[in-house]
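Visitor: I'd like to learn how to read a few features of a model like this one. Could you take me through them?

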Amino acid sequence: MRYTDNLATRLYFEDRGSGPALLLVHGHPFDHTMWQPQIDRFSLTHRVIAPDLRGYGITPLGATALTEITGLGDFAEDLVDLLDDLGIEQAVVAGLSMGGQIAMELHRRHPERVRGLVLADTFPAAETEEGRAARNAMADRLLKEGMQGYADEVLDRMVAPYNTHAAPHVHRMMCATDPAGAAAALRGRAERPDYRESLTTVAVPALVVVGRDDTYTPVEDAEEMHALLPDSTLAVIERAAHLPNLEQPEEFDAVLDSYLRSLVRLS
């Protein structure tokens, strides 16, 4: 793992391969190893950048320790700072769940930095009042109780029960997450904007991916994003829930590979 310092934190990241840049943005409450199959596969053809987001993995909370909230804009600016430090002008930005919302925020702020947009198992709408209250209540709970109970409760929604091969890694990531980092991100996501209008302005080809059995962000959410994006492909991964890249990596990688190859043909 390498690291780079910005004004807010010390951001740790993996940087493997060469070629067009592919930035992989993990979800909550995970770390960059959520993308391990894709790091291994696509570093053969691309320069793959996979960071631990602020407050996740081994990246410290940094300035968030003072505010106790990490907005999606904070995450997005950390990633742009990282691209700047690496001398990368444009990248395909791929995000899953919270990572997908960060990717949408990065595009909203810096569309010129996005060569392609991959939105996996995520949704663009702003939080409802009920959802806002639930996220803040969960943040309070994680700070009080830690991650173990939450991880036990949600594992079968993160990974479909029939995908037993993926469950141990996912459970380990969740349990290892700093509760303060997870809580700060939950509070930030509660205040996120609505990305539906900005999706209609995406001028690069996009890929929307979702697990067929995802109950957090169901297929209907993916279909909505697909309809909003001017140029997008929709892929539904069978026999997968919220983490199809880990549950069905071969199928996920085939879809992503086809998309990345299409970008090369357009260059």
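This is a predicted model: local features need pLDDT of at least 70, side-chain atom pairs count only at pLDDT 80 or more; totals for chains, interfaces and linings use all residues.

Guide: H3 and H4 are roughly perpendicular to each other, since the angle falls in the 65 to 115 degrees range.

Visitor: What angle and axis distance do H3 and H4 show?

Guide: Two packed helices are described by the angle between their axes and the distance between the axes. Here, helix H3 (residues 72–85) packs against H4 at about 70°, and the axes are 8 Å apart. Among the residues that meet are Leu72, Phe75 and Leu79 from H3, and Met98, Ile102 and Leu106 from H4. By class, the contact has eight nonpolar, two polar and three charged residues.

Visitor: And pockets? What is the volume of the largest pocket?

Guide: Rolling a probe the size of a water molecule over the atoms shows where empty space is left. In this case the largest pocket has a volume of about 540 Å³. Its lining counts 25 residues, with Phe123, Glu127, Arg135, Arg189 and Tyr216 nearest the centre. H5 gives the largest share of that lining, five residues. Eleven of the lining residues are nonpolar, eight polar and six charged.

Visitor: Is Ser97 buried or exposed?

Guide: Ser97 has 8% relative accessibility, so it counts as buried. Ser97 sits in the loop between strand S5 (91–96) and H4, and its phi is near 60°, positive in a residue other than glycine. Arg239 also has a positive phi, about 55°, but Arg239 is partly exposed, at 49% relative accessible area.

Visitor: Which residues does a cis peptide bond join?

Guide: His28 and Pro29, with omega about 0°. Pro29 lies in the loop between strand S3 (21–25) and helix H1 (36–42).

Conventions: Residues are numbered from 1 along each chain as its sequence is written. Side-chain values use heavy atoms; hydrogens and water are left out. On a 1 Å grid over the protein atoms alone, a cavity is a set of points where a 1.4 Å probe fits but cannot get out, and a pocket is an open set with protein on both sides within 12 Å along at least five of seven lines; lining residues have an atom within 4 Å of a point. Grid points are joined across faces, edges and corners, and a volume is the space filled by probe spheres set on the points. Helices (H or I, at least four residues) and strands (E, at least two) are DSSP runs, numbered from the N terminus. Ala, Val, Leu, Ile, Met, Phe, Trp, Tyr, Cys and Pro count as nonpolar, Asp, Glu, Lys and Arg as charged, and the others, Gly among them, as polar. Axes are lines fitted to C-alpha atoms, for helices over the stretch in contact, and angles run from 0 to 180 degrees between N-to-C directions. Angles under 35 degrees count as roughly parallel, over 145 as roughly antiparallel, 65 to 115 as roughly perpendicular and the rest as oblique. Contact means heavy atoms within 4.5 Å. Buried means under 20% relative accessible area, exposed over 50%, partly exposed in between (1.4 Å probe, protein chains only).
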